[in-house]
Amino acid sequence: MPAEPETTEKQGFWKRFSKSLESGRQAYVADLKEVFGRPALDAAFWDDLEATLIAADVGVPTTERVVEDLRREAAGAHLRSPGQALTYLKAALEKQMGSRPRGINLEGSPAVVLVVGVNGSGKTTTIGKLAYLLRREGRHPLLAAADTYRAAAIEQLQLWAQRAQVDIVAHQPGSDPGAVAFDAVQAARGRGADTVIIDTAGRLHTRTDLMEELKKVRRVLQRLDQRSPQEVLAVLDAHIGQNSAQQVKVFQQAIGLTGLAVTKMDGSAKAGVVLSIEEDLAVPVKLVGIGEGLDDLDRFDPGQYLDALLRMEESP
Ligand SMILES: Nc1nc2c(ncn2[C@@H]2O[C@H](COP(=O)(O)OP(=O)(O)OP(=O)(O)O)[C@@H](O)[C@H]2O)c(=O)[nH]1
Ligand SMILES: [Mg+2]
């Protein structure tokens, strides 16, 4: 039965997620443990909790807001101990994160997923893993090699297409990314692929000419189908933490984003960045990557994420 293996697989992913946070987690986890293990909700508790959340890269505004909420609850006598504060904090964050729509919109024939981001954030790797994830869910993805700047970029995507066992459309290096996107959508229609995932060249958010190029790709797609691209996903590297929010904001302003994929969460000390980036950009995290293997990507699950982030014990 498909349901059971999938559940086991999902648990496997989040177990690995939790484990892979461990190396980065240690410092702030030790602090969290100490802070939440204290006997009283005193001034030092609030200060140290704030400092610890900021150390996990939860971000200053988000941290201030959640600590403020907790303090209000404590003043109203709803919270009496640091242990209760932890339970409340988890529930409040889960409620906040749970209210954001995270489904990947794949309504279209084909549905088009345009993947953007700064250099080296993990776009091509994420696309390979996403193709594999969708194929396992019974879809038929086709990749579009619209990063035409380097021959190596095209070859890298070809390798991922082989690994994930999906089709790919590629042109010569130096060719027009819009033309690749156009051909890929036409090819998908002809070959019965239901999802086109488009790789684009990494670009610094400060390069307005390159942002114009992305807008052009989007216009080409819209000419083929008004609703396309169904998803514009920005890929961001968890190691960069808070700074990536600034970069992604420019993509948001230039072409509009429907979701985020956070990569390299394995070993990142900045796992808390998901919380602040979502709040800052008002764009939901839809995917999370924890390595370079085919199955090292999954849809983002706030409950599992918060468990891993705020868990006080070592993973078994
Ligand atoms: N540990 C780890 N490494 C990753 C992850 N995702 C990508 N990488 C690595 O990060 C590096 C850059 O990944 P790419 O997928 O090539 O990034 P990109 O955004 O396509 O890069 P450009 O096309 O050059 O802009 C590679 O060495 C990947 O193997 C991840 O989730 N975890
Ligand atoms: Mg790439």
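**View 1. Helix α5 in the shell around ligand 1 of the predicted model.** Helix α5, which spans residues 123–136, gives the most to the shell around ligand 1, contributing four residues. The structure shown here and in the following views is a predicted model. In total, 19 residues surround ligand 1, and the closest are K123, T124, T125, D266 and E292. Sorted by class, this shell consists of one nonpolar, 11 polar and seven charged residues.

**View 2. Polar side-chain atoms facing ligand 1.** A polar side-chain atom of T125 lies 2.5 Å from an oxygen atom of ligand 1, while for R150 the corresponding distance from a polar side-chain atom to a ligand oxygen is 3.5 Å. On the side of D266, an N or O atom of the side chain is found 2.7 Å from a nitrogen atom of ligand 1. Ligand 1 on its own has 650 Å² of accessible area, of which the protein covers 77%.

**View 3. The salt bridge between K286 and E231.** The side chains of K286 and E231 meet in a salt bridge, with an N to O distance of 2.9 Å. Because K286 lies in strand β7 (residues 285–289) and E231 in strand β5 (residues 231–237), the pair ties together parts that are 55 residues apart in sequence. K286 has a relative accessibility of 6% and therefore counts as buried, the cut-off being under 20%; E231 is likewise buried, with a relative accessible area of 1%.

**View 4. The salt bridge between K264 and D237.** In this pair the side chains of K264 and D237 meet in a salt bridge at 3.4 Å, taken from N to O. K264 belongs to the loop between β6 (259–263) and α10 (273–281), whereas D237 is part of strand β5, so the contact ties together parts that are 27 residues apart in sequence. The lysine, K264, is partly exposed, with a relative accessible area of 29%, whereas D237, at 9% relative accessibility, counts as buried.

**View 5. The salt bridge between R207 and D209.** R207 forms a salt bridge with D209, in which the closest N and O atoms are 2.8 Å apart. At 40% relative accessibility R207 counts as partly exposed, and D209 is also partly exposed, its relative accessible area being 43%.

**View 6. A network of salt bridges.** Four residues, namely R65, D69, R72 and E279, are linked in a network of salt bridges. The structure as a whole holds 21 salt bridges.

Methods:
Residues numbered from 1 in each chain as written. Chains lettered and ligands numbered in written order. Predicted model: local features only at pLDDT ≥ 70, side-chain atom pairs only at ≥ 80, totals over all residues. Heavy atoms only, no water. Near = heavy atom within 4 Å. Polar contact = N/O pair within 3.5 Å; in protein donor to acceptor, adjacent residues only side chain to side chain. Areas by Shrake-Rupley, 256 points an atom, 1.4 Å probe, with all protein chains shown as cover. Helix = DSSP H or I, 4+ residues; strand = E, 2+ residues; numbered from the N terminus. Nonpolar A, V, L, I, M, F, W, Y, C, P; charged D, E, K, R; others polar. Buried < 20%, exposed > 50% of the residue type's maximum accessible area, 1.4 Å probe, protein only.
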